[in-house]
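Dear colleague,

Please find the structure below, handed over for your records.

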Amino acid sequence: MYEYRAPRRDIRFVLHEVLEVEKVLAAGGREDVNRELIDSILDEGARFAENVLSPLNWQGDWHGGPRLENGRVSTPPGFREAYRQFCTDGWAGMAADPAIGGQGLPDVAYIAVGEMLCASAMAWRMCSGLSEGAVLALSRHGSAELQARFLGRMVTGEWTGTMCLTEPHSGTDLGIMRTKAEPQADGSFRITGTKIYISWGEHDMADNIVHLVLAKLPDAPSGTRGISLFLVPKLLDGRPNGVSCASLEHKLGIHGSPTCVMNFEGAQGWLVGQPNGGLACMFTMMNHARLGVGLQGLGLSERALQASIAFAYERLQGRAPRGALERDKMADPIIVHPDVRRMILTQKAMTEGQRLLCFYAYLLIDVEQHAPDEGTRKRAAELVALLVPIVKSFLTDWAVENTALAVQVHGGAGYVRDTGVEQYYRDAKIACIYEGTNGIQALDLLGRKVLGTAGQSVKTMIDEIAALLKSDLPADFAPWAQRLQGLLAQWAELTKTVAERSAKDPEELAAAATDYLNFCGYVLVAWCWLRMARVAKRALEAGSGERAFYEGKLVAARFYFERVLPRADAHAAGARAGAAGIPMLQREQLEA
Ligand SMILES: Cc1cc2nc3c(=O)[nH]c(=O)nc-3n(C[C@H](O)[C@H](O)[C@H](O)COP(=O)(O)OP(=O)(O)OC[C@H]3O[C@@H](n4cnc5c(N)ncnc54)[C@H](O)[C@@H]3O)c2cc1C
């Protein structure tokens, strides 16, 4: 069983050497957040993730998960104690606004710790992650009265939060939900309905649970424009409030996380935001929530990479193709085999490249909130909007691939339980499904973010990437720079083609979306690798004492351009192929 080791060196590389967050944050008036502060938070976060959470990961999985008895859900051993420590150490309100009792740490700094929490125990982390989303929604849209009554204890972590959207017949299609909200004379509402798959809907880690529930008012218009958001606590002044957990799901992964069927039986709740404005409220926290799921994917990819590396240098099988390397041993370690190195370098190239992409997106959120001039804030917001569906989808699909590669590197030892690697693979899949499936992310990207801005957001991103290509790049990076230049031209052309077709037929948009999103993902990670390779090359030329670290970056950059980036061409071809090739089919045509 592997324990997690927080990738502090790589996180510092991304934050300080590539993104230069101290400088960017200072430009937005956050001079208080300097490198020392960020590093000390990283160190503390790493200690908590490695020592407290990592050992809980497999325990939560093997223990069989939370148990429901007499309406109460008990969490796996150690979960409560770890949560208590998380709150006592002040992590719960770390990124929340000081105006509501938080510590106001910029997103980009807290998120590095967020990656560690997801990697060390994703199922456990979901609880506090959901609460952070609920705090954000309430602080932006809750009335002063609701905030005064609930926010304080949510920020400290004493009370946790949930998001209750899904119903048995209403998942992606929220417009057809049935949960009802009936107005009461005192201004509150009675909420009645059943929500399913509610993560951390009931548990024993906190004194109270504040549910954010989507429901319909009696006179609501049909569809998504008729959905309102309500705050519904599990306990009201310590007494039950008509909210109960009917059952727990048995599932593929994240066994430590209770996935609950929740019944609301005339539960008292209060409107958050405007009547029928529930989805708009949800959109406020959507960027955070979706990036947060991307971060789960990143954490699992990192953990799987660590396991693959450890195993490949220890497991002895066969001899190197050019002759034995370790003659004193019965066989060479499997890292001598190019195919094993292919698998590990694929994991490294994707995980580290995606880390920069993800942290860049979070940094843009800070810029969007704090930059002094409006133009910079608007540009950051435009890029965040474009990047969110890509980070959510591309990082989670790749987490499945990366964790599968880790199982493959381990052979049979990966498939059986002993090493813990199969758990990463099982845990990874859910991130492609919740918080809007990856198919829906692709539609959001192409429909709302790209075509909805008449291609402007893509143009802004392309300009940003082109700026790097115009900068002072080392001469031997020329083939990579030319490749990226070509892909930028292809991106602009592909966007135009898809836009023209989609204007005539919406089926064209839907048919191109997933390939389009993946194409964007590969191009963006190529940009990330070029940025990282430039920093690594300069460090080596300056005589850095960390040669292995920077050389590893150059190897991974080369691997990415030569062996991973060609997938972008396949996705461009898929996006260009059009809807005709995937027609609506009769069932008999598929079943043969
Ligand atoms: C472990 C777990 C935890 C969860 N936690 C929560 C939670 O805390 N709160 C909560 O509210 N929900 C939660 N969910 C629910 C989750 O968000 C939904 O499962 C998800 O939104 C998909 O809905 P669905 O399962 O009904 O799938 P469906 O909507 O039935 O989709 C099935 C397939 O059809 C595709 N599809 C559907 N509609 C379209 C379309 N218009 N265009 C293209 N493709 C489409 C989907 O992409 C998917 O591949 C959780 C689910 C699980 C399994």
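**Packing of α9 and α11**

The axes of helix α9 (residues 374-410) and helix α11 (residues 421-428) come within 8 Å of each other and cross at roughly 160 degrees; axes are lines fitted to C-alpha atoms, for helices over the stretch in contact, with angles from 0 to 180 degrees between N-to-C directions. Because angles over 145 degrees count as roughly antiparallel, α9 is roughly antiparallel to α11. The contact (C-beta atoms, placed from the backbone, within 7 Å) involves A399, V400, T403, A404, A406, V407 and H410 of α9, and V421, E422, Y424, Y425 and A428 of α11. These residues comprise nine nonpolar, two polar and one charged; Ala, Val, Leu, Ile, Met, Phe, Trp, Tyr, Cys and Pro count as nonpolar, Asp, Glu, Lys and Arg as charged, and the others, Gly among them, as polar.

**Basis of the model**

The model is predicted: local features need pLDDT of at least 70, side-chain atom pairs count only at pLDDT 80 or more, and totals for chains, interfaces and linings use all residues. Residues are numbered from 1 along each chain as its sequence is written.

**Ligand surroundings and overall fold**

Around the ligand are 18 residues, of which L165, G171, T172, S199 and T437 come nearest; a residue is near if its C-beta atom, placed from the backbone, lies within 6 Å. By class, this shell has ten nonpolar, seven polar and one charged residues.

The protein chain has 18 helices and eleven strands, as DSSP runs (helices H or I, at least four residues; strands E, at least two) numbered from the N terminus. Its C-alpha atoms fill a box of roughly 80 × 65 × 60 Å along the principal axes.

With kind regards

Terms used:
Angles under 35 degrees count as roughly parallel, over 145 as roughly antiparallel, 65 to 115 as roughly perpendicular and the rest as oblique. Two residues are in contact if their C-beta atoms, placed from the backbone, lie within 7 Å.
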